[in-house]
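Visitor: Please walk me through this model. Take the strands, then the charged pairs, then the backbone.

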Amino acid sequence: MGWKWLTLEALRLISPGARPHRAVMLLSISIFDTLAYATIREIAETLDMPVIVFSPIRDSRVMCASFVAGADEFICTPCAPDETIARLNAVLYGCFRHGAFTV
């Protein structure tokens, strides 16, 4: 039983009613494999919240595969704090604008 299984199991235990009104999953991934993409997919589908992936990997194939799996944003690390805040605001603003969250 590794961290990957524990991550997916922890996600299953989070009930929709227990989440904050405006929630975003910040996911830091340093090794991309099929389980990393499965984790992104599970979060996006099960928790129905935006997913922002942080990674030191600067590979367009990894970035594109993360978006296909369900990520809403991909931030290469290290990055400036103001860039992180701007991207977080863009994801949240986009969710509000498209009706995924209600005020």
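Guide: Helices (H or I, at least four residues) and strands (E, at least two) are DSSP runs, numbered from the N terminus. This is a predicted model: local features need pLDDT of at least 70, side-chain atom pairs count only at pLDDT 80 or more, and totals for chains, interfaces and linings use all residues. Residues are numbered from 1 along each chain as its sequence is written, and side-chain values use heavy atoms, with hydrogens and water left out.

Visitor: How many salt bridges does the count come to?

Guide: A salt bridge is a side-chain nitrogen of Lys or Arg within 4 Å of a carboxyl oxygen of Asp or Glu. D59 and R61 form one, with their closest N and O atoms 2.9 Å apart. By this rule the count is three.

Visitor: Is E73 buried or exposed?

Guide: E73 forms a salt bridge with R87, at 2.7 Å from N to O. The pair links distant parts of the chain, E73 in strand β3 and R87 in helix α4, 14 residues apart. Buried means under 20% relative accessible area, exposed over 50%, partly exposed in between (1.4 Å probe, protein chains only). At 14%, E73 is buried.

Visitor: Which residues are linked with R87 in a network of salt bridges?

Guide: R87 also bridges to E83, with the closest N and O atoms 2.9 Å apart. R87 and E83 are four residues apart in helix α4, so about one helical turn separates them. R87 is partly exposed at 27%, and E83 is partly exposed at 30%. The residues linked with R87 are E73 and E83.

Visitor: Is the peptide bond from T77 to P78 cis or trans?

Guide: Most peptide bonds are trans. P78 sits in the loop between β3 (73-76) and α4 (81-97). Omega for the T77 to P78 bond is near 0 degrees, and the bond is cis.
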